[in-house]
Amino acid sequence: MLFNRDELDNFPTQPGVYLMKGSHDTILYIGKANNLRQRLRQYFLPRGDGRFMVPFLVAKIEKIDTIVVFSEKEALLLENNLIKQHKP
């Protein structure tokens with residue numbers, strides 16, 4: 001089942017990292033944000049966030065997990081480690 005856009009209001013407004021997952025919990029994309037809710041909403045705007053690959057990515061998202069941290073710097077470090085670990 002594809003991700004329900006109505007769930008966007010439930011995401012936290014704190015800084016953190018988001019993991020976009022497809023079928024079988026496969027990690028499609030890992031990103032960071034100063035405000036998770038605001039950043040994730042940008043993916044679902046009619047024109048996406050301006051990157052060519054976004055509509056293709058959004059079409060495959062089934063679930064989005066978030067990890068809240070204390071600062072944008074911590075989010076950057078966590079994103080870097082998760083990308084190295086999962087290699088999406």
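**Salt bridges in close-up**

**View 1. Arg41 forms a salt bridge with Asp9, with 2.4 Å between the closest N and O atoms.** Arg41 belongs to helix α1 (residues 36-43) and Asp9 to the segment before β1 (16-21), so this contact ties together parts 32 residues apart in sequence. A salt bridge is taken here as a side-chain nitrogen of Lys or Arg within 4 Å of a carboxyl oxygen of Asp or Glu. Helices (H or I, at least four residues) and strands (E, at least two) are DSSP runs, numbered from the N terminus. The model is predicted, so local features need pLDDT of at least 70 and side-chain atom pairs count only at pLDDT 80 or more, while totals for chains, interfaces and linings use all residues. Residues are numbered from 1 along each chain as its sequence is written, and side-chain values use heavy atoms, without hydrogens and water.

**View 2. Lys21 forms a salt bridge with Asp65, the closest N and O atoms lying 2.7 Å apart.** Distant parts of the chain are linked by this pair: Lys21 is in strand β1 and Asp65 in strand β3 (residues 63-68), 44 residues apart. Lys21 is buried, at 13% relative accessibility, whereas Asp65 is partly exposed, at 23%. Buried denotes under 20% relative accessible area, exposed over 50%, and partly exposed in between (1.4 Å probe, protein chains only).

**View 3. Asp65 also forms a salt bridge with Lys63, with the closest N and O atoms 3.8 Å apart.** Lys63 is partly exposed, at 36% relative accessibility. The search of the whole structure finds three salt bridges.
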